[in-house]
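Here is a set of questions and answers on one protein model. Work through them with the coordinates open.

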Amino acid sequence: RFVSLTGLLLLTAVASHAREGTPDDARILFDDFSYADFEAMTQNGWLARTEKGIPGVLGASFGPEGVSFIADPDKAGNRLMRMSSSTAGDADSTHQLQLCHQRKYLDGTYAARVRFFDTPASGPDGDQIVETFYTISQMDEPSYSEADFEYLPNGGWGREEPTFWSTTWAPWGRVRPMPEDAEHAHDNTSSQQEGSLEGWHVLLMQVVDGSVHYFLDGEPFATHGDGYAPTAPLSINFNLWFVEGGLLDSEEPRQYVELVDWVFHEAGTVLTTEEIERRVADLRATLVPWMDSVPA
C-alpha cells in the first residue's frame, strides 16, 4: 500500500502527463481507497470522528470501528471502502461513523462514487439512516458553510418514502434574518428526489461563482446560489448516521452499510462527471492510488 516518496513523485508525474487536458499545476485530491486497514488510511490525512453529538442519535458513539476495506466483487483488483453503522434501538447501542479529510477545500469540483443500500446488511429494517457525501466548514466558523448529498432509504425529516437530498448551508444573516424560533444559527436551502437509489452512483458538486451545482450520475440535480454557496474552507466527508427519533422500536441488532469506490476533487476547476471519470481511470491506469496536491 505504501510507496516511497521518490516513487510517489514519479507516479504523480507520470499520471499528470497521462491525464489529457489536466494542467501540470492542477490542485487535486484523489483517493481510490485501496488501503489494507484504517490505520493506513490515516497516513493520508483522513480522520474518524470520536466525539459524541450531532448529527445523529444523541448520546450515540462515533469511531473508526465501522471502517473496513474489501475486494470489489464487480472488478478484479479493485478495493472498496466499507462504512458501517449499527444500533439495537437506543443511544447506548448505537454506533455511527464520520470520516473527514483536511479542511482546506473551497471552489472547484467534488465527486465520489458511492453505493447506497435500501436495507440493512443484517437485522430488521426500518431505521431512518442517512448515507452521505458532503463538505463542511468548522461549525463555529463565522462564515459557516456546508454542501451535502444525503440519501435516506427509510425516509425521515417528515417523509415516509426513500428520499435523496442535496442541501446547502450558510449562517443566518448571510441570506435572510434569523427567525426568533430558529433552533440554531444555520440557515439552509435544499432539493429532494423521492424514490429508491439502491446501487452505485457518482455524486458531483461544482462550487463556482457563488453557487453550488449538484449532479447525480452526470445529470443536473439542483443549483443553490443566492448567498448559500460556501465561503469558508471545507473538509471532505463521508457520514453514516441515524436520525434522532427515527430508530426502529426493536432491540434486535442491525447494521447498515455504505460503500465508497473513490473520491476526487480538483480545486478552482469546473469538471463534468465524464471528465472526472476519465481522470480517475487515468490515475488508476498509471498506478496512482492516492494524490493530494491541494495546499494546506
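## Rings, core and pocket

Q: Are F149 and Y214 buried or exposed?
A: This is a predicted model. Buried means under 20% relative accessible area. By that cut-off, F149 and Y214 are both buried.

Q: What is the geometry class of the pair F149 and Y214?
A: A pair of aromatic rings is described by the distance of the centres and the angle of the planes. For F149 and Y214, the centres are 5.2 Å apart and the planes stand at 90°. Planes over 60 degrees apart count as edge-to-face. The pair is therefore edge-to-face.

Q: How many residues apart in the chain are F149 and Y214?
A: F149 sits in strand β9, and Y214 sits in strand β13, residues 211–216. Their pair links distant parts of the chain. The separation is 65 residues.

Q: What is the geometry class of the pair W157 and W165?
A: The ring centres of W157 and W165 are 5.2 Å apart. Their planes make an angle of 80°. That angle is over the 60 degrees cut-off, so W157 and W165 are edge-to-face.

Q: How many aromatic pairs does the structure hold?
A: One aromatic cluster includes F149 and Y214, along with F33, W46 and F238 among others. Across the structure, the number of aromatic pairs is 15.

Q: Which element gives the most residues to the largest nonpolar core?
A: The largest nonpolar core has 47 residues. Those with the most contacts inside this core are F33, M41, W46, M81, L99 and F238. With 5 residues, the element that gives the most is β15.

Q: How many residues are in the other core, the one with A26, L204, F264 and M291 among its members?
A: In soluble globular proteins, nonpolar side chains tend to be buried together. This other core lies apart from the largest one. Its number of residues is 15.

Q: Which residues does W46 contact, leaving aside neighbours within four places in sequence?
A: W46 has some of the most contacts inside the largest nonpolar core. Contact here means heavy atoms within 4.5 Å. The partners of W46 are D31, F33, Y35, M41, L99, C100, H101, I236, F238, V263 and W290.

Q: What is the volume of the largest pocket?
A: The lining counts 15 nonpolar, 17 polar and 8 charged residues. The pocket volume is about 1,100 Å³.

Q: Which residues are the closest to the centre of the largest pocket?
A: The largest pocket is lined by 40 residues. The largest share of that lining, 5 residues, comes from β6. The closest to the centre are I54, P55, I136, M139 and E146.

Q: What is the omega of the peptide bond that joins I54 and P55?
A: Most peptide bonds are trans. P55 lies in the loop between β2 and β3. The bond from I54 to P55 is cis. Its omega is about -5°.

Q: What is the phi of W157?
A: Most residues other than glycine have a negative phi. W157, in the loop between β9 and β10, has a positive phi although it is not a glycine. The value is about 55°.

Q: Is D209 buried or exposed?
A: D209 is found in the loop between β12 and β13. D209 also has a positive phi, about 50°. Its relative accessibility is 76%, and exposed means over 50%. D209 therefore counts as exposed.

Q: Is S84 buried or exposed?
A: S84 is found in strand β5. S84 is in contact with Q255, and also with G66, L97 and L240 among others. With a relative accessible area of 9%, S84 is buried.

How values were computed:
Residues numbered from 1 in each chain as written. Predicted model: local features only at pLDDT ≥ 70, side-chain atom pairs only at ≥ 80, totals over all residues. Heavy atoms only, no water. 1 Å grid on protein atoms, 1.4 Å probe; cavity = no way out; pocket = protein on both sides within 12 Å on 5 of 7 lines; lining within 4 Å. Points joined across faces, edges and corners; volume = space filled by probe spheres on them. Helix = DSSP H or I, 4+ residues; strand = E, 2+ residues; numbered from the N terminus. Nonpolar A, V, L, I, M, F, W, Y, C, P; charged D, E, K, R; others polar. Core = buried A, V, L, I, M, F, W, Y, C linked by side-chain atoms within 4.5 Å. Buried < 20%, exposed > 50% of the residue type's maximum accessible area, 1.4 Å probe, protein only. Phe/Tyr/Trp six-rings, centres within 6.5 Å; stacked < 30°, edge-to-face > 60°.
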